[in-house]
Every structure is written in C-alpha cells, then in structure tokens.
Amino acid sequence: MTKELIIAIVAIGLLIAVFFVSYILNKKTPIPKECEELKIDASKCAACQNMACALRKKEEK
Amino acid sequence: MVVTFILAIINAMLIQNVVLYRFYGICPFLGVSKKSNEALSMGLAVIFVIVIASAICWPIYHYILVPANIAFMDTITYILVIASLVQLIEMFLKKYSPSLYASLGVYLPLITTNCAVLGVAQGNTDTNLTFGMSMANAIGTSVGFLIIIFAFSCIRVRLEASNVPKCLKGIPIALITAALMSLAFVGFTGLIK
C-alpha cells in the first residue's frame, strides 16, 4: 500500500468523522425560540428528495 | 488574467446558466420560487455553499485523490464535504444568527440535495480547471442560480395574480415559463468569443 493511498484513506476517514461530528453537534444545538415553530409548506418538501430531513419527518407526522 | 476570470464568471452566470442551460438545481428552482424573499434567501445560501464546497473539493481531488489513484472516489468525497458544510452552516446560523436561520431554516436541508452544488464541484475537476478558474466557475454558477431563481420567483408572483387557465395553474405554467426563460437565455450564446 503506497503512502499516497494511506493519506487518501485517512483523509476520507477524517471527512466521514467531520460529517458525523457536525451532524451530532447540529442535532445538539438548540433551535432558537423564535424558530421552533417554523412553518413548513408541504409542496416545498415534495420538491425535495432529502428523506432524512428532520423538517420533512416533522411534516409527515 | 483578471479579464479571463471575469469572462469565466459571465460565461457560467449567463451563457451556460446552471438552471436554464445545464438543467441543474431544478428541485429548488421550482420548489422555492413562489415568494421572492424566500428565493433570494435560497440563492444566497446556495452561493455560500457552492463557493466554499468548490474551494474545499478542488484541493482534495488534486492533492489527495489523484496522487493516490482513487479519483473515482470523488463523488462520495464531495457529498461528504457538502453535507458537512450544510450541517456546519445550520449550526452556525442556529447559534449566531437566529433571524437568518428563521428565513433560511426550511431551505437549508434542501441545499444538500441540490445537484447544482455537486455538479459544480464535479465539473471543476472533470474539466481539469485551475483553482482560480474553478472559483470563477463556482462564483458565476451560484450567482447565475440566484439571478434565475429570483427572476423566476418575481414572474411566479405575477402569474399568481394573472388569469391563467385552470389546467395550467401551478407547476404547468411554471414549467412553460421556465422553458421561455431558457429560450431567452439562448440569446446570450456568442456573447463571449
């Protein structure tokens, strides 16, 4: 295994770690009080394919 | 050099417009263009993400993926960068700018699935652009997206008040309008020789 390949694997691993850390930190960051009841337009969610979106899940409930 | 940079921006912004010429980012183009202020907020957020994502993805591709002979991993890497970036922006806005979060909050997750963001990062590396030209392409493309989504939202606001036949109301008339806008933008072809 070459040195460049090891660096690339480490870099991609770091990117994955950055994504998970940012995802967890974002989840833990409290939503500002004035933004808690953001109005969601169902037609806008229909135009988006992001199934993991928290706003979409909220709308589906 | 500066002239080439400016011409590259104009080319990406008007001649090869991301929505009307390359057909990227159609979902937010149709989904978030009912109100002008929402379209403007979406456009500004997309500018930020496209420019930062392009600035990060270019060095990763040229200095990490290509030397390791794993350039085929570019799409996955770019998706990771874009998704992380959107999470960080959302977190930053929640904490430091609740007012901007309130206006953008609903549209922030949409940016992750906006193919214009991935398309620009991918296009920059596929066409072997230099870093400077990549940034020009990113700036031009994202500003082009903002111009089009804002112009389209202004048209849709007027369409709402117009006497449109019942069968064409909503998305059908929006698609016809987009097609006419696309034809109008063909007029920019040949602007730069």
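This section describes the nonpolar core and the helix packing of a predicted model.

Chain A is built from 3 helices and 0 strands, and its elements follow the order α-α-α from the N terminus. Of the 61 residues in chain A, 8% count as buried.

The largest nonpolar core comprises 54 residues, among which V49(B), A53(B), I82(B) and V117(B) touch the most other members. Elements from both chains supply at least two residues each to this core: α1 (3-28) from chain A, and α1 (2-15), α2 (26-31), α3 (36-65), α4 (74-96), α6 (108-112), α7 (115-126) and α8 (131-160) from chain B. The greatest contribution is that of α3(B), with 13 residues.

Two helix pairs involving α7(B) were then considered. Packed helices are described by the angle between their axes and by the distance between those axes. For α4(B) and α7(B), the angle is about 135° and the axes are 10 Å apart. These two helices are therefore oblique to each other, and their crossing is right-handed. On the α4(B) side, the contact is made by D74(B), T75(B), Y78(B), I79(B) and I82(B), while α7(B) provides V117(B), L118(B), A121(B), Q122(B) and T125(B). By class, the residues of this contact divide into 6 nonpolar, 3 polar and 1 charged. Both I82(B) and V117(B), which take part in the contact between α4(B) and α7(B), are also among the core residues that touch the most other members.

The crossing of α7(B) and α8(B) is right-handed. In this contact, A116(B), V120(B) and N124(B) of α7(B) meet S134(B), N137(B), A138(B), T141(B) and F145(B) of α8(B). The residues concerned comprise 4 nonpolar, 4 polar and no charged residues.

Definitions and conventions: Residues are numbered from 1 along each chain as its sequence is written. Chains are lettered from A and ligands numbered from 1 in the order in which they are written. This is a predicted model: local features need pLDDT of at least 70, side-chain atom pairs count only at pLDDT 80 or more; totals for chains, interfaces and linings use all residues. A nonpolar core is a set of buried Ala, Val, Leu, Ile, Met, Phe, Trp, Tyr and Cys residues joined through C-beta atoms within 7 Å. A residue is buried if 20 or more other C-beta atoms lie within 10 Å of its own, exposed if 12 or fewer, and partly exposed in between; C-beta atoms are placed from the backbone. Helices (H or I, at least four residues) and strands (E, at least two) are DSSP runs, numbered from the N terminus. A crossing is left-handed if the near helix is turned anticlockwise from the far one by less than a right angle, and right-handed if clockwise. Two residues are in contact if their C-beta atoms, placed from the backbone, lie within 7 Å. Ala, Val, Leu, Ile, Met, Phe, Trp, Tyr, Cys and Pro count as nonpolar, Asp, Glu, Lys and Arg as charged, and the others, Gly among them, as polar. Axes are lines fitted to C-alpha atoms, for helices over the stretch in contact, and angles run from 0 to 180 degrees between N-to-C directions. Angles under 35 degrees count as roughly parallel, over 145 as roughly antiparallel, 65 to 115 as roughly perpendicular and the rest as oblique.
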